Amino acid sequence: MFPRRPPATLAAWLAGARGGGLLAALANQCRFVTGLRVRRAQQIAQLYGRLYSESSRCALLGRFWRRLRGRPGHASVLMAALSGVFVWDEERIQEEELQRSINEMKRLEEMSNIFQSSGVENHPPEPKSPAGGNEKSKDKEEPWEMVMDKKHFKLWRRPITGTHLYQYRVFGTYTDVTPRQFFNVQLDTEYRKKWDALVIKLEVIERDAVSGSEVLHWVTHFPYPMYSRDYVYVRRYSVDQENNVMVLVSRAVEHPSVPESPEFVRVRSYESQMVIRPHKSFDENGFDYLLTYSDNPQTVFPRYCVSWMVSSGMPDFLEKLHMATLKAKNMEIKVKDYISAKPLEMSSEAKATAPSPERKNEGSCGPARIEYA
C-alpha cells in the first residue's frame with residue numbers, strides 16, 4: 001500500500017513519476033491492453049460485416065443479447081458467439097423437446113385407438129393441457145383441418161396464429177419396411193443425396209458430445225421459378241427400446257460457420273418432429289409414424305399457393321422416403337445403423353464438438369433480399 005501523503009506532496013510525487021515511474025508504466029500498460037481490445041473488436045466487426053448483411057447482424061446480435069441479458073457471464077458467452085463459436089448450451093435440443101413429441105404421439109394413440117389398428121380418424125384429437133396449467137398451447141390456437149385422406153396416411157393443417165403460415169401434421173402407417181430401416185434412411189445424409197434429387201447440399205457442420213445433437217446445412221431446389229432454399233438446423237434423435245418408440249426432432253438455428261449465400265434464400269423458421277411407433281419391434285415390418293412440420297419459405301406467392309405446394313410436396317417426399325427404404329432393404333444398400341450407434345457414442349472428433357470435416361468454407365453472403373420468389 002502507498003503511504004498516506006498530503007495532497008500537495010502526492011501531486012509532487014506523481015509529477016516526479018512521469019519520467020518513468022510507476023504511474024507512467026501503469027498508464028502505458030492500460031493503453032496497450034485497451035488498444036488490443038479495440039483492434040480485436042474492429043476485426044470482429046469487419047469479419048461479420050463481410051459475412052452477414054446489416055439486417056442479419058442486427059438480428060443475430062439482438063437474439064443473443066435478449067437470451068443472455070441478465071444471466072451471469074452473459075458478456076463472455078456473447079463474445080464467444082461473436083468470435084465464431086456455436087453456443088451449444090443455448091441451441092442443443094433438450095430431452096424435454098423429445099419427450100413432448102413422444103407425448104403427442106401417445107395422446108393420439110390413446111384417443112383414436114390407432115395402436116390396435118392401422119386406421120385413423122378424420123380429425124386428430126386435440127391434446128389435453130395439464131390439469132390447472134396456464135401454459136399457452138399452440139394446439140389450442142386453431143383447429144386442425146383435414147387436407148388429404150389416403151389409405152396409408154392422413155394430412156392435416158392449421159394456421160399459425162399471427163402469421164400467414166400453416167403447421168402440418170401427417171399420421172400414417174407402413175407395413176412393408178421395418179422401423180429401423182425407415183429411421184436409418186431419414187438420418188443417413190449420404191444416402192439421401194442419392195435418393196432425393198432435390199438435394200443440392202447436405203452435410204453435418206458440428207456435433208455435440210453432451211446431447212448427441214448435430215448441426216446440418218441443407219440446400220434444396222424449390223419449384224421453378226423460385227430460388228433454391230438453404231436451411232441450417234440442429235437435429236437430435238432418440239431410440240427408446242424399452243418403450244418401443246423412436247423420435248427425431250429438428251429446428252432452425254444460426255451457425256457462424258454457415259453465413260448466408262447470395263445463391264440461396266435462407267429459411268430461418270423451420271421445425272420438424274417425427275415419432276415412429278413399431279407395431280411389434282424395430283426389426284419387424286410395420287409401424288405408425290407422426291410427422292409435425294412447419295417452415296417459412298419466404299416466398300411472395302399467396303398463402304393458398306404455398307399451402308398447395310407443401311400439401312402436395314409432403315406426401316411426395318414421404319413416398320420417396322418410403323421407396324428409398326424399400327430400395328435399401330431389397331437391394332441391400334449399405335445404410336448406417338443409427339439405432340445401434342447411439343448419439344453419444346461418437347468419434348473423438350465429435351466429442352470435441354469440432355466442425356465436421358465434410359464442410360467446405362462457403363463464400364460470403366450478398367445483400368439481404370426482402371422478398372423472394
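## First stop: valine 210

Select valine 210: with a relative accessibility of 58%, this residue counts as exposed, because the cut-off for exposed is over 50%. Where does valine 210 sit? Look in the loop between β4 (199–207) and β5 (214–220).

Show β4 and β5 together. How do β4 and β5 run, parallel or antiparallel? They run antiparallel, and seven bridges join them. To find one of these pairings, pick arginine 207, whose bridge partner in β5 is glutamate 214.

## Then: helix α7

Move on to residues 179–187, which form helix α7. How many of the nine residues of α7 are buried? Eight of them are, so to speak, tucked under cover. Select them by name: Pro179, Arg180, Phe182, Phe183, Asn184, Val185, Gln186 and Leu187 are the buried ones.

## Zoom out: the chain

Time to show everything. This is a predicted model, and its chain contains ten helices and ten strands. Of its 373 residues, 43% count as buried. The chain exposes about 20,800 Å², and carbon and sulfur atoms supply 55% of that area.

Contacts are worth a look too. Take those between residues at least 6 apart in sequence: 63% of them join residues at least 24 apart.

Colour the chain by pLDDT. The average is 75, and 57% of the residues score at least 70. Now select residues 344–352, where the pLDDT is below 50. This stretch still has 17 contacts in the model beyond near neighbours in sequence.

Finish with residues 360–373, where pLDDT also stays under 50. For this stretch, the model has 36 contacts beyond four places in sequence.

Technical notes
Residues are numbered from 1 along each chain as its sequence is written. This is a predicted model: local features need pLDDT of at least 70, side-chain atom pairs count only at pLDDT 80 or more; totals for chains, interfaces and linings use all residues. Side-chain values use heavy atoms; hydrogens and water are left out. Helices (H or I, at least four residues) and strands (E, at least two) are DSSP runs, numbered from the N terminus. Buried means under 20% relative accessible area, exposed over 50%, partly exposed in between (1.4 Å probe, protein chains only). Contact means heavy atoms within 4.5 Å. Accessible areas come from the Shrake-Rupley method with a 1.4 Å probe; for residues, only the protein chains shown count as cover. pLDDT is the predictor's confidence in each residue, from 0 to 100. Two strands pair if DSSP finds at least two bridges between them.
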